[in-house]
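Please consult the sequence and structure shown here.

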Amino acid sequence: MKKITEKRVKSLRNYSLIAGLVLASAFVFQNNAWSWGGAEPAVVIAAPAKDEPAATSHSETALFAGGCFWGIQGVFQHVKGVTSAVSGYAGGAAGTANYEEVSTGETGHAESVKVTFDPTQVTYGELLHIFFSVGHNPTQLNRQGPDTGSQYRSAVFPLNAAQAAVAKAYIAQLNASKSFSEPMVTKIESNAHFYPAEAYHQNFLNDNPDYPYIVVNDLPKIKDLQQVFPANYREQPVLVNPESKN
């Protein structure tokens, strides 16, 4: 696990309970985990009735936003057929694509993950299936668990017309079938320019499995992925090279 300084912890996720949770015993941590929000339970939903046409290439890119990017990146890094999952920002301007400004909730950006995948191994529709089922709760408006603000909104950024058609059809399908207890609030957004996040955000779940926020909010998503989508799960994640330009 990478060492995280107190200053870095405060800048990464500004919760008043961080210090107490980090210093508390395992017993106290277990009994107070609810105050961090807790992981959203997986929801078993039908696969999309409409998907992209059969693949003619081995590389495609998709862009998703569903709360803190640590967990979304971690989930997709464990999906077979994904060749890269990079945390970053989408929906706003280049000049505000940094963690400090995005965290104000006033930049238009959402914490996002760019997923590169082999569509002959996993389809765009299958990625949406995983995203809505175990990745996040698509019925929460401008929040996920303990995180609030427009930067944590549920959004899909289609990168071509085929992806847009699949995403729109799938959201309509899930709403019509009342797959969730509340209506979905996921936005389909067109401003899909992606800006990679700072290096210390990349592979955060993998590198910091004992970090309290990860333990409570994100590791359960990996377990849900393995249980709900066993055919799509892989034990070894595909990690971002911190030296790359992403």
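Q: What makes strand 2 and strand 8 a pair?
A: Two strands pair if DSSP finds at least two bridges between them; strand 2 and strand 8 (residues 194–196) have 3 bridges and run in the antiparallel sense, so they count as paired. Gly 88 stands opposite Pro 196 in strand 8. Strands here are DSSP runs (E, at least two residues), numbered from the N terminus, and helices are runs of H or I of at least four.

Q: How do you know that strand 2 pairs with strand 3?
A: Strand 3 (residues 110–117) is joined to strand 2 by 8 bridges, antiparallel, with Ala 90 opposite Ala 110.

Q: Why is strand 2 called mostly covered?
A: Buried means under 20% relative accessible area, exposed over 50%, and partly exposed in between (1.4 Å probe, protein chains only). In strand 2 (residues 82–90), 7 of the 9 residues are buried.

Q: How far is the model to be trusted, and what is the average pLDDT of the chain?
A: The pLDDT, the predictor's confidence in each residue from 0 to 100, averages 87, and 83% of the residues score at least 70. Over residues 1–11 the pLDDT is below 50. The model is predicted, local features need pLDDT of at least 70, side-chain atom pairs count only at pLDDT 80 or more, and totals for chains, interfaces and linings use all residues. Residues are numbered from 1 along each chain as its sequence is written, and side-chain values use heavy atoms, with hydrogens and water left out.

Methods
Contact means heavy atoms within 4.5 Å.
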